[in-house]
Amino acid sequence: MTSTGKDVTVVLCTGDGQLLGALPPFPVPTPWWPEVAEVVEGCRRRHHVEVTVLRLLTAPDDAVFGGAVAYLAEVGGPVPGGLRPWPGDPTADHPLRQAYARPGGPARELAWAEAALAAEGRTLTGRPQQVKTWNLSSIWRLPTTAGDAWLKSVPPFFAHEGLLMRALDPASVPRPIAAEPGRVLLPDVSGVDHFGAGGETLLPMVEQLVALQLAFVGRTGELSALGVPDRRLDALAPRLAAVVEEQAAALTGDERRRLDHLLQTLDARAVALAGCGVPDTLVHGDFHPGNVRGTAGRHVVLDWSDAAVGHPLGDELAFCRGLGAEDRARVRAAWASAWRRAVPGCEPERAAELLRPVMPLLAALLYADFCAQIEPDERVYHARDVPAALRQAASEPVPAG
């Protein structure tokens, strides 16, 4: 295996959950564990078997991605000979397993998507392509008579995504072909994802998100009715303290003291935030240029799974994280200007500084909640993120509230 890929073992089962055995391992160029298109193609090309990947079985505890990994996959045709025994029974169900990670689950998701396409007068023109599957989503590309469509299935804690997208401005967010809790069918969006974007191209992205947020100022009850979670500081303080306590063994004494101080000042910080005049509203939760797609003058914002009710300047801090110093300054000025136009007299710069040390603490909570709601085999995706985010929170300068 190259240093940029992964060595893959695929364990096969039938659609009714009968364990068949494992294919011989083979290399895959893409290291990211959730990306499975090359895994499916490798099974087809090397072993002449059609599979649908269900879930990750094993992965290195000390790696982020890459390395030797194993997946459970449902076989969709003749079963090849020469399968190797696999220890245990990976088909045994677990109460936290996602519906799309169970045998027969992907077929049910695709059947829903095909019915929704048929209701719009669209039919498939080729085989659906499995793109990605992990504990946070399952993504398929469906070629149709009216262009590609994209099926995204998500776990219950992200069930609001499709419903929320229906409620957002279709000029800035793709309007779903169909949506119900836990699944959404989206049209293709022409253009590119803007990973690595910089300079003036960033400013329309800022304006676009702030406009989406302003539309829900004073309407957070509507977001809650759609199932969008509440991540305002005053709602999360007890759970934040519990996460720090749960991770105490992974923290140094100094880190723990700094985190305890941060927790003790959360109430005062929330009061100071309110005093800055920027209201709580819709938060994207994972806003970065790669989640903005389109062509010059026509962009849409994607991936609303992490959306929440919270402080909108949290999105500014996330957006700036991967930018260089010049772009960060440009974006912060644009963000502040946009909010001051909307709320004269508000203090967005002060709000962002008050939020800065809190954001990694909120990230630790999010990762901890992921781990609590996914089965043990797939916690490897997030378990290391919880103490890492807490250590980052402990290292942040803490401005006075």
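Predicted model: local features only at pLDDT ≥ 70, side-chain atom pairs only at ≥ 80, totals over all residues.
Biologist: Why are helices H9 and H11 called roughly perpendicular to each other?

Modeller: Helix H9 (residues 313-320) and helix H11 (residues 348-355) pack at an angle of about 70°. Angles of 65 to 115 degrees count as roughly perpendicular, and H9 and H11 are therefore given that description. Their axes lie 9 Å apart.

Biologist: What makes H9 and H11 a pair in contact, and which residues meet?

Modeller: Contact means heavy atoms within 4.5 Å. On the H9 side, Leu-313, Gly-314, Glu-316 and Leu-317 take part, and they meet Pro-348, Ala-351, Ala-352 and Leu-355 in H11. By class, this contact has six nonpolar, one polar and one charged residues.

Biologist: Why are E11 and E14 said to stand at the edges of their sheet?

Modeller: The sheet is open and has three strands in the order E11-E13-E14, with antiparallel pairing. Strand E11 (192-193) and strand E14 (298-301) each have a single partner strand, so one side of each is left without a neighbour in the sheet.

Biologist: What makes the space lined by Leu-96, Arg-97, Gln-98, Ala-101, Asn-135, Ile-374, Glu-375 and Glu-378 a cavity?

Modeller: In a cavity, a 1.4 Å probe fits but cannot get out. The search of the whole structure finds one cavity of 30 Å³ or more. About 40 Å³ of space lies in the largest cavity. Its lining divides into three nonpolar, two polar and three charged residues.

Biologist: Why is the second largest pocket called a pocket and not a cavity, and what is its volume?

Modeller: The term pocket is used because the set of points is open, with protein on both sides within 12 Å along at least five of seven lines. The second largest pocket has a volume of about 400 Å³. Of the 18 residues that line this pocket, the closest to its centre are Val-51, Thr-52, Arg-127, Pro-128 and Trp-140. Among the elements that give two or more residues to the lining are helix H1 (37-47), strand E4 (51-58) and helix H2 (105-119).

Biologist: Which element gives the largest share of that lining, and how do the residues divide by class?

Modeller: H1 gives the largest share, four residues. The lining of the second largest pocket has nine nonpolar, four polar and five charged residues.

Technical notes: Residues numbered from 1 in each chain as written. Heavy atoms only, no water. 1 Å grid on protein atoms, 1.4 Å probe; cavity = no way out; pocket = protein on both sides within 12 Å on 5 of 7 lines; lining within 4 Å. Points joined across faces, edges and corners; volume = space filled by probe spheres on them. Nonpolar A, V, L, I, M, F, W, Y, C, P; charged D, E, K, R; others polar. Axes fitted to C-alpha atoms, helices over the stretch in contact; angles between N-to-C directions. Parallel < 35°, antiparallel > 145°, perpendicular 65-115°, else oblique. Pairing = 2+ DSSP bridges.
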